[in-house]
Amino acid sequence: MTPAPPAAPAAPAGPAPARAPGAGRAGTVRLTWAQPEDLVGHELRQAAQDGRDAGPVARAWAAAGGHPAPARAGASPAPAPPELRALAVRLLDELAALPVPSAAAEPSSWPAITATWPAPPPSSAPAATRPRPADHPPRPEPRAGVDADLCRRLEAAWTGRAVGCLLGKPVEKLPLHAIRALGRAAGNWPPGDWFTGRGVPAELLAAHPWNRRSAATSLAENIDGMPEDDDLNYPLLGLRLLQRHGKGFTTADVGRLWLDELPAGRTFTAERLAYRNLLQGLEPPATATHHNPFREWIGALIRADVHGWTHPGDPAAAAAQAYRDAALTHTGNGLYAALFTAAAIAEAAGGRADVHSALRAGLAVVPPRSRLAEAVRHAVGAARRHADFDRVVDDLHERYGHYHWVHAIPNTALIAAALTHADGDFTRSVCRAVSGGWDTDSNGATAGSLAALVDPEGVPHRWSAPLKNRLATTVPGFDGIGFDALAQLTAQEAARP
């Protein structure tokens with residue numbers, strides 16, 4: 001997930017460079033995803049989704065000259081005048097005070113969430129030994145005391161997450177019709193291989209340019225190891241969290257780790273605002289709620305894999321651990337996406353589950369009357385009804401396209417649909433997840449992690465080979481690490497009480 005930065009005046013068409021804040025008029029630095037005048041529009045959208053009556057606030061904002069939320073970028077091109085910014089701060093507080101009709105069906109506290117479960121999700125049986133695919137290169141034997149079969153599954157999961165992320169990187173932020181056009185022009189639709197610029201007409205590339213930050217490292221002709229991405233940085237931070245604090249970590253521990261190890265410029269949306277709230281002295285759960293309209297977006301979902309990996313066969317424990325991480329930044333459906341992902345991956349990591357039972361285990365920890373639960377159920381049903389996955393995607397875009405492209409609900413639904421339709425096959429899972437648009441690299445990553453655990457072949461060598469067992473990152477101590485080494489470190493944390 002790398003949402004677009006603030007738009008600059010007279011910017012060229014296509015996705016803007018990520019990671020760096022822009023500059024407004026008179027040289028004013030624009031802090032992406034943090035301007036009160038931009039947050040109001042996003043909070044008004046969030047209010048419409050959770051049922052709050054925000055009409056008076058919306059009218060006051062419009063009358064003062066306030067603008068709607070930027071459709072795809074994080075911030076508007078220029079800073080607001082002081083009086084409009086002050087009004088924005090006041091209106092954000094008014095919006096936060098409005099009653100939320102959906103709160104009963106979509107709680108955010110852990111006791112209230114677990115109270116919605118019809119029964120505790122069961123733990124699966126101990127893992128069975130699975131044969132190692134013949135086309136995989138040899139890996140070092142795991143350290144003493146670490147389960148060898150779990151290490152193999154975790155290496156596949158780390159690798160699968162990286163493959164799915166990398167597959168989605170060049171088309172991140174592109175609209176669905178552009179992704180389809182680029183794939184078809186290269187003879188790669190439905191997709192079954194890396195995206196490539198080879199054979200694509202120049203006029204099509206001009207109309208729909210690849211993600212400019214990623215094309216140099218993620219097109220088939222350019223891949224040389226796994227480049228840095230926040231979809232891998234966060235699992236690394238999750239591993240570091242467990243190494244430092246163990247499975248008993250608190251949400252406050254997550255915040256302290258971020259301040260120590262995570263540069264603010266590597267955060268986006270809900271994570272950036274929670275980071276700002278930490279610096280302002282707020283503590284969880286206020287870090288997730290104060291002036292944070294992105295609290296139901298996808299950020300917590302992309303942090304959830306490590307909690308599933310370290311609780312193989314125990315989805316309820318994985319969900320509980322994921323909750324303590326996600327609560328720093330997210331509420332409601334943003335939390336549920338993380339619980340769903342962690343529980344599904346934990347079930348798959350146990351070694352006995354197929355993809356469908358893993359998805360059921362994920363859904364079992366989500367409040368059943370929530371919008372996210374409804375979306376996952378609908379997505380799974382659509383995937384079973386249509387043989388053509390493009391029809392499944394069209395259905396999801398029609399039903400959930402009113403959400404922002406990095407909102408948790410549409411993206412979780414798409415992941416569930418892709419995994420269901422692929423029936424546990426790794427290649428089909430990652431390719432379907434990316435082909436559906438929205439947050440392509442994040443969706444590919446999560447689908448790849450889970451599919452690698454349930455596919456008897458793991459990650460085919462043709463996908464893993466270009467990554468060269470090498471991950472680039474700015475997370476201290478991990479740059480250049482191999483997925484085999486990450487698997488051993490993760491298995492060590494899984495074995496800790």
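**Terms and their grounds**

Modeller: In this predicted model, a polar atom of the Asp-455 side chain lies 2.8 Å from the backbone nitrogen of Phe-426.

Biologist: What makes this pair a polar contact?

Modeller: The limit for a pair of N or O atoms is 3.5 Å, and the distance here is 2.8 Å. Asp-455 itself is placed in the loop between α21 (440-454) and α22 (461-464).

Biologist: Why does Asp-455 count as buried?

Modeller: Buried requires under 20% relative accessible area; Asp-455 has 7% relative accessibility and therefore counts as buried.

Biologist: Which residues meet where α15 contacts α17?

Modeller: From α15, Asn-333, Tyr-336, Ala-337 and Phe-340 meet Arg-371, Leu-372 and Val-376 of α17. By class, this contact has 5 nonpolar, 1 polar and 1 charged residues.

Biologist: Why is α15 described as largely enclosed by the rest of the structure?

Modeller: Of its 18 residues, 18 are buried, so α15 is largely enclosed.

Biologist: How do you know that the span of α15 agrees with its number of residues?

Modeller: At 1.5 Å a residue, the 18 residues should span 26 Å, and the end C-alpha atoms of α15 are 26 Å apart, so the two agree. Following α15 is Gly-351, with a positive phi near 95°.

How values were computed: Residues numbered from 1 in each chain as written. Predicted model: local features only at pLDDT ≥ 70, side-chain atom pairs only at ≥ 80, totals over all residues. Heavy atoms only, no water. Contact = heavy atoms within 4.5 Å. Helix = DSSP H or I, 4+ residues; strand = E, 2+ residues; numbered from the N terminus. Nonpolar A, V, L, I, M, F, W, Y, C, P; charged D, E, K, R; others polar. Buried < 20%, exposed > 50% of the residue type's maximum accessible area, 1.4 Å probe, protein only. Polar contact = N/O pair within 3.5 Å; in protein donor to acceptor, adjacent residues only side chain to side chain. Expected span 1.5 Å × (residues − 1).
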